[in-house]
Amino acid sequence: MSGRWHHLLLGGAISLVVVLATAAFSAWPAWQSLPADGALLRLSFTVSGARTCRDRTPEELAALSPNMRQAQICERRRMPVRVELEIDGRRVLAEDLPPSGLSGSGPSRVYRRFELPAGTYDVSVRLRTDPADPGFAATASRQITLEPGQNLAIDHDAGRGVFVFN
Amino acid sequence: MASPRAVLRRGFDRAERALDLAFGPDWNPLAQLGPLGWFLYWIVVVTGIYLFIFFDTGVTAAYGSVKWLSEDHWWHAGVARSLHRYASDLMVLLMFTHLAREWAMDRYRGARWFSWVTGVPVIWFVYLSGITGYWLIWDQLAQYVALTTTELLDTLGLFGEPIARNFLSPEQLSDRFFTLMVFMHIAIPLLLLLLMWIHIQRIAEPATRPPRGLAVITLAALVAGSLILPAPLQGQADLATIPQRLGLDWFYLGLYPVIELVPAGVIWAGLAAFTLGLVGLPWMPPKPDAPAAEVFLDHCNGCERCVADCPYSAITLIPRSDGAPFRFEVEVNPERCVACGICMGACPSSSPFRRAGGLITGIDLPGHPLAQLRAEVIRAGSELAGGPGSGRVMTLACGDGAGAVPAAGQVHVPCAAMVPPSILDFVISRGLADGICIAGCAERDCQNRFGVRLTRARVARERDPYLRERVPRQRVLSVWAGPTEAGRLSREVAAFSGRLAGLGAYDKIRPLDEADRAEALRATSEPGTAQ
């Protein structure tokens, strides 16, 4: 067999082996990202904390031009939002979420994931937007059943002020 | 004990020798990693354009279109998809092999830092191109990649809204997401092309096309591989579930299991350290300085031969500045010069026969000037046992081939092409040896890119400066061998010596005068005195 045919055949065979090895490694071995009986619970929302405001005094109002006379004056920075999550009575998240933005004027945001074995759980979630408020602005308690491989998301509908389980 | 670099280099050399047998030196894939990378890039581009014809952007349409082309039209679009994927995977494999090989061959420091450093963002853009491609299919692997990537990106705190929220539930994912991903999957490879172009800017005649035979072999193997093992498509993504067991593409997604297991801060720190470490490698430590080539205008007529032969585009032609009756002179950019000496070998003024005044050529290498080379061949000739006609072989060896280890009768040069053909003439016609062995790098890949090709052409009298006709071709042997082939070099030199003995002495010897010889021997025993 002449040189170039030899190179084409032998080189081609080696190249094919490399391509097949590449193809195999392109999908194998499989990776078990989550246990076979595992499920995922995710908590994520965007909520704005309260602002610290006070009423302007009559003297302050009088010093302003008529079109600027707003009754209240508020700090730019928002309050942190308190979020708590309990699963079967065990507190898995209790955090004060700082406001976003350089001046702290943006909403507070959270994204947390909890890997759980499939099963039934009692889930309680609550948030407080004003630290001065002794209660919570939104709460939800629900019994959930997670199937293997299920992805359950808890969001917050800021318009209605309620938690949403997706 | 050998350094890790030397061990790796010898490992590459052995593997390449085996591939030389299978592919031939000119088609050796390990010596064509850069051109092959370009070839694979174009395969990915062409197949990507073809796949785009059939691809629908949409939450359900994306997966449906990929499933349709993979199953119903497997024989053209499905094969194109497999080619797209496997060529991309091979690019990763080639890229890291290329990186390791250039490091092993010490071709990343000194003047070569630019190609190394500009190659680092190429790695990132290859990965970004691949990862955005995986999102588009919107199967379970895409869902896993999208979620893991966005969760990792969110830890940087750069995005106002956590971008992982886009994948919170099926309702939150819109068709526009796929339009955005298509845009990214086109824009990023285009930027990659720009980076690849920058990557090769500091080398002359960059090889961006593999030899045709190797291209045919590679494409045929990819097509055959795509037919035998079509690229798999996993189940459709469903944000109401979470992918549990996945067939990962370990070339692109090998880091993803680590992302799951290790805190995000460690991942980012590791990636930053990897990137900065690679960028800084050319200076850890820097390459010992080899002075750049130097131009001597009194001996330069602006003939351009050095400009044409320089493998690194380090020499340019500029208007004459000294009033001599020539249009041009040459200028060396020291930032680009690797001091290989190929320019000196190309200069017609590089003649060892000229002895009026100091031996100065048009373009010389300060660290290893022509005068020193002349003195070294005289010294090497004096070390050879026997007299004229006894088969004495002088070896002119480059430091990167099989003759790298010093021995009697050898002269070491940075590159075989640094030796002007007139030196070969000088050795033979002065009776310093009966024959000359040029021991250069392995044929498949010269350390200085063009050394093998230029030396061959000059000795074959196909390229200026030519080897003079009076030098019998049978008295010059070229051995192109890598660092692990010292044994072959010895055997070939021994056989050559036997053939030379059969030829007898060269019949036109004009012996060197003793004063010249004594001066050369004195010069080589006192470094730096050869003039």
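A crossing of two helices is called left-handed if the near helix is turned anticlockwise from the far one by less than a right angle, and right-handed if clockwise. With that in hand, here are my notes on the structure.

This is a predicted model, in which local features need pLDDT of at least 70 and side-chain atom pairs count only at pLDDT 80 or more, while totals for chains, interfaces and linings use all residues. Residues are numbered from 1 along each chain as its sequence is written, and chains are lettered from A and ligands numbered from 1 in the order in which they are written.

1. Let me start with the helix pair in chain B. The crossing of α4(B) and α8(B) is right-handed. Helix α4 (residues 74–104) and helix α8 (residues 212–228) of chain B pack at about 115 degrees, their axes 9 Å apart; axes are lines fitted to C-alpha atoms, for helices over the stretch in contact, and angles run from 0 to 180 degrees between N-to-C directions. On the α4(B) side the contact involves B:Val79, B:Ser82, B:Leu83, B:Tyr86 and B:Ala87, which meet B:Leu222, B:Val223, B:Gly225, B:Ser226 and B:Leu227 of α8(B). Contact here is a matter of C-beta atoms, placed from the backbone, lying within 7 Å. By class, these residues are seven nonpolar, three polar and no charged (Ala, Val, Leu, Ile, Met, Phe, Trp, Tyr, Cys and Pro count as nonpolar, Asp, Glu, Lys and Arg as charged, and the others, Gly among them, as polar).

2. Chain B as a whole has 18 helices and nine strands; helices (H or I, at least four residues) and strands (E, at least two) are DSSP runs, numbered from the N terminus. Its C-alpha atoms fill a box of roughly 95 × 50 × 45 Å along the principal axes. Of its 531 residues, 44% count as buried, a residue being buried if 20 or more other C-beta atoms lie within 10 Å of its own, exposed if 12 or fewer, and partly exposed in between, with C-beta atoms placed from the backbone. Among contacts in chain B between residues at least 6 apart in sequence, 75% join residues at least 24 apart.

3. Next comes a sheet in chain B. Four strands form an open sheet in the order β7-β6-β8-β9, with parallel pairing; two strands pair if DSSP finds at least two bridges between them. At the edges stand β7 (410–413) and β9 (476–480) of chain B, each with a single partner strand, so one side of each has no neighbour in the sheet. The twist averages 20 degrees from one strand to the next. Strand β6 (residues 393–398) of chain B is joined to the parallel strand β8 (residues 435–440) of chain B by five bridges, and B:Thr395 stands opposite B:Cys437 in β8(B). Helix α14 (residues 370–383) of chain B lies across β6 and β7 of chain B, at about 155 degrees to β7(B).

4. Seven of its nine residues are buried, so α15(B) is largely enclosed by the rest of the structure. The buried residues include B:Ile423, B:Leu424 and B:Phe426, and what covers them includes α14, β6, β8, α16 (451–459) and β9 of chain B. Just after α15(B), B:Gly431 takes a positive phi of about 70 degrees.

5. Now to where the chains meet: 40 residues of chain A are in contact with 44 residues of chain B. α1(A) gives the most to chain A's side, with 16 residues. That side has 18 nonpolar, 18 polar and four charged residues. Three bridges also join β1(A) to the antiparallel strand β1 (residues 245–247) of chain B, with A:Trp31 opposite B:Leu246.

6. Finally, chain A is divided into domain 1 (1–31) and domain 2 (38–50 + 80–165), with bounds from an automatic or database domain assignment. The centres of these two domains of chain A, taken over C-alpha atoms, are separated by 52 Å. Chain A also has an open sheet of four strands in the order β6-β5-β8-β9, with antiparallel pairing. Its edge strands are β6 (90–97) and β9 (138–146) of chain A, each pairing on one side only. Strand β5 (residues 81–87) of chain A pairs with β6(A) over seven bridges, and A:Arg82 has A:Asp96 in β6(A) as its bridge partner.

Methods:
Contact = placed C-beta atoms within 7 Å.
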